[in-house]
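Biologist: I've got this one open on my screen and would like to go through it with you. Ask me to slow down whenever a cut-off needs spelling out.

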Amino acid sequence: MSEPAASSDAPVVPSAEPVVSPETAAASPAEPAVSPETAAASPAEPVEERSDETVSKPPRAKKIPTRREFHGDVFVDPYEWMRDKDDPEVIAYLEAQNTYAEAQTADLADLRTDVYGEIKARTRETDMSVPVRIGGYWYYGRSEEGRSYAIHCRCPIAGDDDWTPPEVSPDGPLEGEEIILDGNVEAEGHDFFALAANTVSDDGKWLAYSIDTVGDERYTLRIKNLETGELLPDVIPGTAGDATWSKDAKYLFYLTVDEAWRPDTVWRHEVGSGSPDETGGDTQVFHEPDERFWVGFGSTHSSEYLVIVVDSKLTSEVFTLPMTDPTGEFTSVAGRTEGVEYHAEHARLDGEDYFVIVHNGEVDGVKANDFAVDVMPVGDPSARRTLIGPRPSFRIEDVACFADYLVLSYREAALPRLAIADLRDRTGLPAADDFVPVTFEQELCSVGLGANPEWNTPHLRIVYASYVEPAEVLDLDVGTGERTLLKRSIVLGEFDPADYVATREWAVADDGTQIPVSIVRRADADPDRPAPLLLNGYGAYEIPMDPGFSVSALSLLDRGVAIATAHIRGGGELGRAWYEGGRLLNKRNTFTDFIAVARHLIETGWTTPGQLVADGGSAGGLLMGAVANMAPELFGGILAAVPFVDPLTSILDPSLPLTVTEWEEWGDPLHDAQVYSYIRGYSPYENVAPRPYPAMLILNSLNDTRVLFTEAAKWAASLQEATTSDAPILLRTEMKAGHGGVSGRYKQWEEAAFELAWILRRSGAVPR
């Protein structure tokens, strides 16, 4: 498995998986990562036949014992046979589970209809994003009522001094509008559609775009002439999604993956040369043989350099090549040192070219665990010096470089923040004290850079989000501090942010560590009366769960459900030590932190076990599986989406997608007996036992390449057999979707309504 893909822009329950950036909510209106030894099989039990009548019992899957032995430990897996998605018996089992889930939730049909109607009624279906200037055009996305996908457009700027975007309006196309790509047209005839690359060459003539119509995150790359509308015969299948133009638009760079679905190779394609399969292939630019590392490709914000980034979980290397020499050789910026992460951007400081390097190497002989910022003259590593040193409780994440500004993204007090250094009217290099924080009145909020593609922009676009206020896109005049609101996401109907309150509390973990908890509720809720409550968690990959607004959450809040987020160890809310405290041989802290938060909410009167529903997806689904085994009595329901619940089987097999890259996150159980034993002790699937599990809703996707569908299927079968309670355990598999679930906003709203109705029922917000 791998980090979650970026969240779609459609309203979803907050947050089965963390939203990476608050910009997502406001920027786009429509679209919203050792084969076991098989023992002699026991007589197979076929999947029970189903009638058209109400299904009262879950389907029973056949058992074929599969023996796995490592480090002297033997595990017999009765459901490993479910791994082949082309096996008709596997498909029949999944479909039988879907039938059972539909029957068990049939009485929620009216509630689902109501919730779907609420989401739809609150959403301005015909809308547009704030245009961003790139070269001679304003680029933006539009949505239209009744259509599922974004329409990508542009219109010409009024002149070189035109930096004020056209006003956002749902009333129709902007003057001079040109549709460069209509997602609805591209999606025709497909049950699933996702767009990855959508990038225009510097001269504005060529569009490179890539689409996935299966859900397996493997994209076909196409090139379109925007002057004529012609599609070139250049068709490149099987790419990793992204694409980058050379400055002269003669070449297009892209990535492919290895057999384990790891992006590992950069290719250079000559535009107009045809499909690589027909011409003998494109030019391989770079290949990374080490299976721990993912390869990324792009360019600096200045468009002066092409960039290759090679990352494992804990080590990285950056290579650059001047844009003026796209067929040349890439050179390393700062080499590769085991345990040191860094990334580099190009800046022009005091009239000279520098690389600005964010890293966690040593500063004055001490490792900068929460990162530092160095500046290095291009071509002169000996003159590298520290610009911002490490500080306590201050996690540096990024520095964005512009012609006139440096923008520091950092975390403080478990929240994302910005600070800006103005480079105008100064001589010499900037200093740490030159960075001025961008502040807002709301305590629990997220602040980040918006879309700022132009290096020479005279002002900066920033994005603000909170739990109770719709996301805002603003232009900031750095010199005066003046902010211009460009767009506030619209919530139709009778919505008032003052009707809702967000607060922060701190739970105490078993080892005394304080765990931040964010809680959202209606302002008129009785604080002395326990309420239905949804508790979200993730806790992996140093990914934080930051404040953000969700339209669909209103359907919970307005029915009296409070929503809490447990900012547990393994996430990135409180810096690198917070992450380290929940990975490898500290992974159990993630689970016990979540349980401590649940107990805190119960003991302080927020809720009761019968009213508490837990929710997590992907690595957060592993969290759900672990707490279901460790403390099932605390929850009235558990929702696990695309859950990573069979981690040991997956991480033991290097041939499976993304396995070796995960060893730095979870450990290497293949070669380390201690790691094997530790994961064996918390693996949700392998620790299912006869106990009274709460009601569970397990969401799965057949074409998921990050967490294979097999894990949820096996887990559900084991849980349904083992549970000693009458609470139903449901498995619902999307048969034509990937890790992010269904595509298209209307289908996504339907899925959200299904989940929300189930949460409302299990939390007791509506009668059971």
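Biologist: What relative accessible area does R384 have?
Modeller: Ground rules first: this is a predicted model, where local features need pLDDT of at least 70, side-chain atom pairs count only at pLDDT 80 or more, and totals for chains, interfaces and linings use all residues. Residues are numbered from 1 along each chain as its sequence is written, and side-chain values use heavy atoms, with hydrogens and water left out. Buried means under 20% relative accessible area, exposed over 50%, and partly exposed in between (1.4 Å probe, protein chains only). R384 counts as partly exposed because its relative accessible area is 31%.

Biologist: Which residue does R384 meet in a salt bridge?
Modeller: A salt bridge here is a side-chain nitrogen of Lys or Arg within 4 Å of a carboxyl oxygen of Asp or Glu. For R384 the N to O distance is 2.8 Å. The partner is buried, with a relative accessible area of 5%, and that partner is D374.

Biologist: How many residues apart in sequence are the parts that D374 and R384 tie together?
Modeller: Helices (H or I, at least four residues) and strands (E, at least two) are DSSP runs, numbered from the N terminus. D374 and R384 meet in a salt bridge. D374 lies in strand β24 (residues 372-377) and R384 in the loop between β24 and β25 (385-388), so the parts tied together are apart by 10 residues.

Biologist: R411 and E397 also meet in a salt bridge, so to speak a strand-to-strand case; which strand holds E397?
Modeller: The N to O distance for R411 and E397 is 4.0 Å. This pair links distant parts of the chain, 14 residues apart, with R411 in strand β27 (residues 405-412) and E397, at residues 395-401, in strand β26.

Biologist: What is the relative accessibility of E686?
Modeller: E686 forms a salt bridge with R680, the closest N and O atoms being 3.2 Å apart. R680 counts as buried at 19% relative accessibility. E686 counts as buried too, because its relative accessibility is 8%.

Biologist: How many salt bridges does a search of the whole structure find?
Modeller: Side chains of opposite charge can pair when their charged atoms come close. One network, held by salt bridges that share partners, joins D77, E80, R83, D646 and K714. Over the whole structure, the search gives a count of 51.

Biologist: What radius of gyration does the chain have?
Modeller: The radius is taken over C-alpha atoms, and the globule rule is 2.2 Å times the number of residues to the power 0.38. The C-alpha atoms fill a box of roughly 70 × 60 × 60 Å along the principal axes. A compact globule of 768 residues would come out near 27 Å, which agrees with the chain's 26 Å.
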